[in-house]
Amino acid sequence: MDTIKYGIIGVRGMGSGHYRCLEAIPDAEVIAVADNRPESLNLFQHRLHDWDAVADSLKGVGHEARAARQEEWETTPAPPYNGPITFFSDYREMLDLDDLDAVVVATPDCTHVEIVLDGLAAGKHVLSEKPAATTVKQLSTLEAAVAKSDRTYQVGLECRYLPTYRTMRRMIIEENAIGRPVMTWCLEFRGPFLRKVDNWIMSQEKTGGVFVEKTCHFFDLMAWLVDSVPKTVTAVAGQDVVKEIYGIKPDIFDNGWVTIEYENGARGMLGLCMFGAGRKPLSITVLGEDGQMEGLFGPQKIEVAKRGVPQMEVIEAGADNEHAHLSHGGGVYFEHLAFIDSIRTGRTPLTDIETAKWSTLVGLAAEESARNSSTPVSL
Ligand SMILES: NC(=O)c1ccc[n+]([C@@H]2O[C@H](COP(=O)([O-])OP(=O)(O)OC[C@H]3O[C@@H](n4cnc5c(N)ncnc54)[C@H](O)[C@@H]3O)[C@@H](O)[C@H]2O)c1
């Protein structure tokens with residue numbers, strides 16, 4: 001196999017981010033894209049014509065102006081495209097291409113499992129966006145299909161590949177820098193979701209809920225950083241502020257707290273707010289017997305405090321990250337390097353089906369607990 005030949009399914013938001021990362025990898029080549037919405041393909045064609053023009057026009061404006069400009073790009077016919085990428089409106093036809101090695105699935109959450117199954121059945125390696133699935137039933141179907149397949153399945157939990165969290169994991173687990181991990185917590189205080197096609201992201205049914213759609217990333221990181229698997233999940237949550245937005249009435253929680261007990265005795269807590277007005281960066285902390293370590297997503301920094309040591313150490317984990325300008329601080333670029341390595345060597349990916357499973361199960365359990373008077377859910 002020379003370069004890995006990719007197809008991308010769903011090329012609007014995240015699919016475009018994947019494309020930009022793949023462009024930066026000499027070992028990868030995107031030969032096809034598929035999207036069942038002509039406007040999304042048209043927008044992608046504009047991007048291929050002049051990526052910067054589209055990006056610049058969407059930068060630094062509010063939600064509404066951004067959505068209006070995006071719609072303009074989507075509906076204004078793009079200049080003709082004569083490059084090497086073939087466009088498909090039906091991804092199944094794209095999967096018939098013999099020279100396609102791998103596909104990226106970047107469609108709405110509830111569609112992932114069906115498309116992944118089709119991709120594996122067609123003999124393609126699959127990198128599926130998170131969450132792996134939106135229901136327990138879908139998850140079981142996915143697990144069975146991955147177990148049966150000899151192709152690589154990797155889930156798009158790209159945070160694990162970021163220098164900040166890779167460094168934290170190495171320091172905590174391999175170097176015992178803060179002693180045995182006892183507690184972990186994550187705070188994400190942000191504004192509402194941006195608009196999506198049909199605003200699927202505001203629908204409980206299409207996402208499995210906000211704790212599945214959004215915080216599966218952090219449930220994964222927390223378990224990885226304390227080196228355990230979740231055992232019990234309890235949650236309180238509500239919809240208090242984001243009750244009407246973009247002309248629709250979302251039915252998802254907009255704030256809540258989730259507590260997790262891990263098999264190894266560690267305890268975790270996650271706070272999510274979807275109407276935050278401040279600029280508090282997303283952070284994940286692990287507290288060990290001997291100290292504490294906080295990883296800040298935006299600044300790509302780690303703050304380490306050790307018991308009995310007055311000065312805090314600050315590690316600029318992102319300092320050598322030349323790909324930080326790419327999707328999600330370069331996390332998506334790094335996840336593709338890992339995916340390609342797995343395709344070439346047959347090694348199990350770091351974010352494999354087990355990782356996919358646990359990150360989704362905690363989210364589903366949090367949704368269940370919060371909707372059931374905070375009854376603890378055992379996994
Ligand atoms: N890993 C991350 O950090 C991260 C960040 C953002 C989004 N995502 C994930 O990426 C996925 C896509 O999100 P988005 O923001 O790009 O959404 P989006 O609504 O902007 O784009 C989804 C695209 O998929 C297309 N699509 C839907 N069904 C399809 C089908 N059956 N066949 C082909 N195309 C289809 C739509 O037409 C649309 O163009 C979601 O699962 C989301 O959770 C992940």
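These legends describe close-up views of a sheet and its surroundings in a predicted model.

**View 1. An open sheet of 6 parallel strands.** The strand order is β3-β2-β1-β4-β5-β6, and the pairing is parallel. β3 (86-88) and β6 (153-156) stand at the edges. Each has a single partner strand, so one side of each lacks a neighbour in the sheet. From one strand to the next, the twist averages 25°.

**View 2. Helix α12 on the sheet.** Helix α12 spans residues 331-345 and packs on the sheet. The strands that α12 touches are β1 (4-9), β2 (28-34), β4 (102-105), β5 and β6. The direction of α12 makes about 175° with that of β6.

**View 3. Strand β5 and its buried residues.** β5 is mostly covered, with 5 of its 5 residues buried. His125, Leu127 and Glu129 point one way from the strand. Val126 and Ser128 point the other way.

**View 4. Bridges on both sides of β5.** β5 (residues 125-129) runs parallel to β6, and 4 bridges join the two. Ser128 stands opposite Val155 in β6. Leu127 has Gln154 of β6 as its bridge partner. β4 also runs parallel to β5, joined by 4 bridges. Here Val105 has Ser128 of β5 as its bridge partner.

**View 5. Crossovers into and out of β5.** β4, helix α6 (residues 112-121) and β5 form a right-handed β-α-β unit. Another right-handed β-α-β unit is made by β5, helix α7 (residues 136-148) and β6.

Note on methods. Residues are numbered from 1 along each chain as its sequence is written. This is a predicted model: local features need pLDDT of at least 70, side-chain atom pairs count only at pLDDT 80 or more; totals for chains, interfaces and linings use all residues. Two strands pair if DSSP finds at least two bridges between them. Axes are lines fitted to C-alpha atoms, for helices over the stretch in contact, and angles run from 0 to 180 degrees between N-to-C directions. Two residues are in contact if their C-beta atoms, placed from the backbone, lie within 7 Å. A residue is buried if 20 or more other C-beta atoms lie within 10 Å of its own, exposed if 12 or fewer, and partly exposed in between; C-beta atoms are placed from the backbone. A crossover is right-handed if, with the strands pointing away from the viewer, the path from the first strand over the helix to the second runs clockwise.
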